[in-house]
Amino acid sequence: MYSLDDLKLFVRTAELENLSAAARELGRTAATASAALIRLEHRLSARLFARTTRRMRLTEEGRAFLGAARK
C-alpha cells in the first residue's frame, strides 16, 4: 500500500519538475521528500524520475504511474 502523502508528493513533483519546490508546498524538508520518493520507487521496483541537479523529469514508468497516482 502506498502512503497518500507520498503519492501527493510524487504528483506535485511531477507537475513542478522540482522536488524541493514540491516539498516546500507540502510542508516537508527536501531530505524527507527525497526519502519518500526513493521509498515509492523501491515499492514499485521502478525508477519514476530521471534526476539532474536542477530538474526531475518523469521516466516512462513514472508517466504510466502518474495517472494511477492522481486517482
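The model is predicted: local features need pLDDT of at least 70, side-chain atom pairs count only at pLDDT 80 or more, and totals for chains, interfaces and linings use all residues. Residues are numbered from 1 along each chain as its sequence is written, and side-chain values use heavy atoms, with hydrogens and water left out.

Start with helix H1. Helices (H or I, at least four residues) and strands (E, at least two) are DSSP runs, numbered from the N terminus. H1 covers residues 4-16, which makes 13 residues. Its first and last C-alpha atoms are 18 Å apart, close to the 18 Å expected at 1.5 Å a residue. That expected span is 1.5 Å times one less than the number of residues.

Both ends of H1 have a local feature. At the start, a side-chain oxygen of Ser 3 comes to within 3.3 Å of the backbone nitrogen of Asp 5. This is a polar contact, a pair of N or O atoms within 3.5 Å; within protein, one must be able to donate a hydrogen and the other to accept it, and residues adjacent in sequence count only if both atoms are side-chain atoms. Just after H1, Glu 17 has a positive phi of about 55°.

Which residues of H1 are buried? They are Asp 6, Leu 7, Leu 9, Phe 10, Val 11, Thr 13 and Ala 14. Buried means under 20% relative accessible area, exposed over 50%, and partly exposed in between (1.4 Å probe, protein chains only). These buried residues pack against helix H2 (19-25), H3, strand E1 (49-51), strand E2 (56-58) and helix H4 (60-70).

Not counting residues up to four places away in sequence, Thr 13 touches Asn 18, Leu 19, Ala 22, Leu 37, Phe 49 and Met 56. Contact here means heavy atoms within 4.5 Å.

The C-alpha atoms of Asp 6 and Ala 35 are separated by 9.7 Å, although the two residues are 29 apart along the chain. Ala 35 is in H3 (residues 30-44). With 37% relative accessibility, Ala 35 counts as partly exposed.

Now the aromatic rings. A pair of aromatic rings is described by the distance of the centres and the angle of the planes. Rings of Phe, Tyr and Trp (its six-membered ring) pair if their centres lie within 6.5 Å; planes under 30 degrees apart count as stacked, over 60 as edge-to-face and the rest as tilted. The whole structure holds three aromatic pairs. In one of them, Tyr 2 and Phe 65 have ring centres 5.7 Å apart and planes at 70°, so the pair is edge-to-face. This pair links distant parts of the chain: Tyr 2 is in the segment before H1, Phe 65 is in helix H4, and they are 63 residues apart. Tyr 2 is partly exposed at 33%, whereas Phe 65 is buried at 14%.

Phe 10 and Phe 49 also pair. Their ring centres are 5.5 Å apart and their planes at 65°, so this pair is edge-to-face. Phe 10 lies in H1 and Phe 49 in strand E1, so the pair ties together parts 39 residues apart in sequence. Phe 10 and Phe 49 are buried. Ring pairs link Tyr 2, Phe 10, Phe 49 and Phe 65 into a cluster.

Phe 65 brings us to H4. Its buried residues are Gly 62, Phe 65, Leu 66 and Ala 69. Seen down the axis of H4, they fall within an arc of 125°, so they line one face of the helix. The arc is that of the directions from the helix axis to the C-beta atoms. The face turned away from the buried side carries the exposed residues Glu 60, Ala 64 and Ala 68. The buried residues of H4 pack against H1, H3 and E2.

Thr 59 sits in the loop between E2 and H4. At 14% relative accessibility, Thr 59 counts as buried. Leaving aside neighbours within four places in sequence, Thr 59 contacts Arg 47, Leu 48, Phe 49 and Ala 50.
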